[in-house]
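Hello,

Here is the structure I said I would pass on. Please have a look at it before reading the notes under it.

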Amino acid sequence: MKRIGSSDMNNGATHSIRIAIYIRLSKADADKGQEESNSISMQRILIKKYIVSHFDGCQIMEYQDDGFSGTNFDRPGVQRLLEDARNEKFDCIVVKDFSRFGRDYMEVGSYLEQIFPFLGIRFISINDHYDSASYQGSIADLNVNFKNLLYDLYSKDLSQKIKTSLRARKESGQYVSANAPFGYEKAPDDRHMLVICEDEAVIVREIFALALQGISSSQTAKKLNLKRVSTPLEFKIRKGETSRKPKGDRFYWSGSTICSILRNPVYVGDIEYGKTEKDQVGGRNVLKARAEWKVIRNHHDPIIAREDFEEVQKSRGKSIRKRMGENRSPLIGRAVCGCCKHNLQIKGGRNPYFTCHNRYAAGLEKCVSKVNVMFLEKVVLFRLREYMERKSSMEEQNNRYMDNLKAKRKGLLRDMGQAEKEYGRLKREHYESYQLYSLRKRPEFHSLHAEIEEKQKLIQKLQEQIFQMDERICSVKTQKKFPEGDAGAISEMIRQYIDKIEIYSEDDIEIKWTAKT
């Protein structure tokens, strides 16, 4: 193969060839210690050696995904590569083999035969002896498509084998998760076994002891924060398992962290597995019914006695579920603490009130202590009624404005129709130009990509303007008087007109209205 210089690409272009190299290593490859040829470093060496021997004067950009499956294209590195391809940031892509780019033969074929040729991007797969420059004006041969199909089938087969292997390990009693739960660590002589980490176990025992005394999760979190007890994340940082920085001055215990510890059966020596399954190869995990979960009892040494764990589970969350089921305030999710900006929670029985859990869990004294739910609802409804009355007084003015909007909307629709026709014409000319060039009936390829992109932006801008006008017109048309006594309608109006309600105290309440109203 001859060495390709800057004038060989795009017939006379004077810029140096811009080459994107893509490298991928999956978790499955990493687990197979013997496949050194697939390592990131070896792929990089192979590709750069190829470029040096086949190209003169080029710019090289690298994209990589370390630890990602090739069964789909939901990978940060390849997404960045494809975005830069659409923005014409390089002229050529080089990979070690097709399987590095992707193992879905349908999608890989789509990129090779349609997308990259349309973008004018050359694609080279070294080990597959494939160079798209050899297929100008025709589709890839049967050998290429057959290889992509084999990669796809191999990936599905490998996925099933890994799943079967993990299931067998779990059923044999091996602990296969990457990290040990708080309170435990991997045994130094067997990474598939858990042993108690006493520094952390002391904290777990204290959490369960407080729960047995009837102390709530938020109160437990507050006690630990006041005593400056290290959080699970801080223990991980010390072990070098992660690197994180707190949003504020330090990490805090939260009620949700306490809850997750109190309901985890790992602390009585049990292991649960088989909770989820993938809906397809490379797809998302779906939670299975609890009756289908697998449990290995007495898998490792317990930190908590089984009878204590079961006693804690008896009373967890009952009163909250009952209260929330009986009466749900329409302000839930919109009432936030003016101090920390977190959503407020409802507490209490006959006289429920909003409160901020950070006041107790994190010891933030400026956070909301107690605001009566009924009082807050009356304040919000009064403000909402005033707001709607002000809007009604503007109805006549809005109608005139709506007529003006309709006239402008009609003009925009006319402009968009013209832009869409122009867009279609440009796309046809661009495609025809590429076809003539690929069939060697034209000496050069006249790209209209910039004009097409500009027309797309114009159409999108016009669509957004029309949508905004439609939304405004609809808002004016459906405007009603305040729905006194209709709880459902009031809830809908709160959802439509109120973005959030910032509460500092019962005397200091600020309503933020939605921008679209």
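The notes below cover some helix packing and then a sheet. Please keep in mind that this is a predicted model.

I began with helix α7, residues 198-212, and helix α8, residues 217-226. They pack at an angle of about 135°, and their axes are 10 Å apart. That angle makes α7 oblique to α8. The crossing of α7 past α8 is right-handed. On the α7 side the contact is made by Glu 206, Ile 207 and Leu 210, and on the α8 side by Thr 220, Lys 223 and Leu 224. Sorted by class, this contact has three nonpolar residues, one polar and two charged.

Helix α7 also meets helix α10, residues 255-262. Their axes come within 10 Å and cross at roughly 95°. Angles of 65 to 115 degrees count as roughly perpendicular, so α7 and α10 are roughly perpendicular to each other. Here α7 contributes Val 204, Ile 207, Phe 208 and Ala 211, which meet Ile 258, Ile 261 and Leu 262 of α10. By class, the contact of α7 with α10 has seven nonpolar residues, with no polar and no charged ones. Ile 207 of α7 takes part in the contact with α8 and also in the one with α10.

Now the sheet. Three strands form an open sheet, in the order β13-β14-β15, with antiparallel pairing. Its edge strands are β13 (345-347) and β15 (371-372), each of which pairs on one side only. Strand β14, residues 353-355, is joined to β15 by two bridges. Phe 354 has Val 371 in β15 as its bridge partner.

Regards

Technical notes
Residues numbered from 1 in each chain as written. Predicted model: local features only at pLDDT ≥ 70, side-chain atom pairs only at ≥ 80, totals over all residues. Heavy atoms only, no water. Axes fitted to C-alpha atoms, helices over the stretch in contact; angles between N-to-C directions. Helix = DSSP H or I, 4+ residues; strand = E, 2+ residues; numbered from the N terminus. Parallel < 35°, antiparallel > 145°, perpendicular 65-115°, else oblique. Left-handed = near helix turned anticlockwise from the far one by under 90°. Contact = heavy atoms within 4.5 Å. Nonpolar A, V, L, I, M, F, W, Y, C, P; charged D, E, K, R; others polar. Pairing = 2+ DSSP bridges.
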